[in-house]
Amino acid sequence: INLDSIFFGTATSSELFRGNGNMLMETLTGNSNYFSSDIFSADRSGTAALITSLGNVSSGLSRYSIIVGGDVMCRHTAPGDLRESYEGAGAVSCIVGTEKVIAEIQGVQSYNSNFPEMGRPEDERFIRTLMPMEEGILKEGVVRHVSNALSMYLKKYNKTLNDFDEIILPQQYPGEVFQLSSVLQIPKEKVRNSIFSEEIGDTGSASPLFALMKTLENIEEHKHILLCSYGHNSGADVIGLETTDELLKHQGTIKK
């Protein structure tokens, strides 16, 4: 495959000046004729990279685009922080193209606001919590943004939650998924199959993509998936996908 673009989404990169995407592409290909962009959008950087890549391929600027979502959340969580016990590290990559598609993206919706719940200023190693975890970050941050993005998506594409076989929700920790599903009135059986954080913790920008990969490993063809992600002080994304016949040829080969 001739990769002609890369979008690297992260919130915890150790390199803030050089292009991280370029460093990765140098190990993947000897081709220098590609477009590269690093995306820093809190812990929704992975889905931000996916949406940006979709636009790049759909417009014809790229034929094959690779996206990466990766974070080392455990390294950037202060000792004694309430989040310390469930922060992890990981990365996911996938290719966006128009041939041999295993899951077709059918719609995208985002909801954003400048809500200062977490931050990491220049020269500061640790991500700092700026407000209470439950009242601020969970209710006003995660719940408000994800529910609005979800409602807007359903209205935009004339869908209901019943139209989706699997729904992927943000998961810093496993319990967060069930908290959100209860608030959003989503049956637990539609969210259970995507849970992975009980094994490796919160992986930041990689988390929604990890959940998507796990879902694709265990779903059938021609099923509908709704992928929801959230980035602290960065908004929420909702992406609708439908699996294709190509999926069965690749199940069992997706690396976890």
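**From a cysteine to the sheets and salt bridges**

Modeller: The sulfur of Cys94 lies 17 Å from the closest cysteine sulfur, that of Cys228, which is too far for a bond. A disulfide is counted when two cysteine sulfur atoms are within 2.5 Å, and by this rule there are zero disulfides. This is a predicted model, in which local features need pLDDT of at least 70 and side-chain atom pairs count only at pLDDT 80 or more, while totals for chains, interfaces and linings use all residues. Residues are numbered from 1 along each chain as its sequence is written, and side-chain values use heavy atoms, with hydrogens and water left out.

Cys94 has a relative accessible area of 19% and is therefore buried; the term means under 20%, with exposed over 50% and partly exposed in between, using a 1.4 Å probe and protein chains only. Cys74, at 42%, is partly exposed.

Next, the open sheet. Helices (H or I, at least four residues) and strands (E, at least two) are DSSP runs numbered from the N terminus, and two strands pair if DSSP finds at least two bridges between them. Four strands make up an open sheet in the order β2-β1-β3-β4, with mixed pairing. The edges are β2 (35-39) and β4 (89-97); each has a single partner strand, so one side of each is left without a neighbour in the sheet. From one strand to the next the twist averages 15°. Angles here run from 0 to 180 degrees between N-to-C directions, and axes are lines fitted to C-alpha atoms, for helices over the stretch in contact.

Inside this sheet, strand β1 (residues 5-9) runs parallel to strand β3 (residues 64-72), and five bridges join them. Phe8 has Val68 in β3 as its bridge partner. Helix α1 (residues 20-28) packs on the sheet and touches β1, β2 and β3, its direction making about 125° with that of β1. Contact means heavy atoms within 4.5 Å. Another helix, α6, lies across β3 and β4 and runs at about 65° to β4. Ten of the eleven residues of α6 (residues 207-217) are buried, so this helix is largely enclosed by the rest of the structure. Among those buried residues are Leu209, Phe210, Leu212 and Met213.

Strand β10 (residues 235-243) runs antiparallel to β9, with eight bridges between them. β9 and β10 form a hairpin with three residues between them, and Asn233 in the turn has a positive phi of about 60°.

Asp237 takes the account on to salt bridges. A salt bridge is a side-chain nitrogen of Lys or Arg within 4 Å of a carboxyl oxygen of Asp or Glu, and the structure holds seven. In one of them Asp237 pairs with Arg44, the closest N and O atoms being 2.9 Å apart. This pair links distant parts of the chain: Asp237 is in strand β10, Arg44 is in the loop between β2 and α2 (45-58), and 193 residues separate them. Asp237 is buried, with a relative accessible area of 1%, and Arg44 counts as buried at 10%.

Beyond its neighbours within four places in sequence, Gln109 is in contact with Ala149, Met152, Tyr153, Lys156, Ala236, Asp237 and Val238. Gln109 sits in strand β5 (residues 103-111) and counts as buried at 12% relative accessibility.

Asp81 and Arg83 form one, with their closest N and O atoms 3.2 Å apart. Both Asp81 and Arg83 are buried, and together with Glu87 they are linked in a network of salt bridges. Glu15 and Arg18 form another, with 3.3 Å between the closest N and O atoms. Arg18 is partly exposed, at a relative accessible area of 49%.
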